[in-house]
Amino acid sequence: MHIYLETERLALRRFAESDADELFRLHNDPEVMRYLNGGKPTPRQVILDRTLPRFIESGFFAALERRSGDFLGWFHLRAPEGGPQEEPELGYRLHKAAWGQGYATEGSLALIGKAFAELGARRVFAQTMAVNLGSRRVMEKCGLRHVRTFHMDWPDPIEGTEHGEVEYELLRADWEAAHKS
């Protein structure tokens, strides 16, 4: 098992075929998926045929609790399709049992640090629904600042869509200023 990054409590590693069941459980929790698809179940075949191969391919990392080895969820740090490599998007999705324990902030801070210190990022950004206050709070704790609110035309809008999406960012210069010795 190749560990991509470790923090005090987390180990982030590349996804493998053996993660299908864990990913299926995570993506089928209505509360976890509330701000993503309104809490609708994701068919197992979609996980197997589309989600897991995409996660294995690039930029997605299974998040394990270091002490127990339990699967907590995932993080991603990758340039969006067609976007510049030096502007990766940060994302995370954790089981409810991991909410409110600082894991999202801990993993995000580590990935942000890696993006700027090792990967040559000039900007790290994250997006979520405007009404997803928990995710927005994590972004703010990590030093990202709100830069815009925007509206998208969703084919199957979910509750809260009317308030739009938000984008947060952290620029290299701001990260460097905050991390001077």
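User: What makes β6 and β8 a pair of strands in this predicted model?

Analyst: Strand β6 and strand β8 (residues 165-171) run in the antiparallel sense and share seven bridges. Pairing asks for at least two bridges, so β6 and β8 count as paired. Within this pair, Gln127 stands opposite Glu167 in β8.

User: Thanks! And why is β6 called mostly covered?

Analyst: Strand β6 covers residues 123-129, and six of its seven residues are buried. Buried here stands for under 20% relative accessible area.

User: How do you know that Asp29 and Lys96 form a salt bridge?

Analyst: Their closest N and O atoms are 3.4 Å apart. The cut-off is within 4 Å, so the pair qualifies. Asp29 lies in the loop between α1 and α2, and Lys96 in the loop between β5 and α4, so this contact ties together parts that are 67 residues apart in sequence.

User: Why is Asp29 called buried, and what is Lys96 called?

Analyst: Asp29 has a relative accessible area of 15%, which is under 20%, so Asp29 is buried. Lys96 has 34%, between the 20% and 50% limits, so Lys96 counts as partly exposed.

Definitions and conventions
Residues numbered from 1 in each chain as written. Predicted model: local features only at pLDDT ≥ 70, side-chain atom pairs only at ≥ 80, totals over all residues. Heavy atoms only, no water. Buried < 20%, exposed > 50% of the residue type's maximum accessible area, 1.4 Å probe, protein only. Helix = DSSP H or I, 4+ residues; strand = E, 2+ residues; numbered from the N terminus. Salt bridge = Lys/Arg side-chain N within 4 Å of Asp/Glu carboxyl O.
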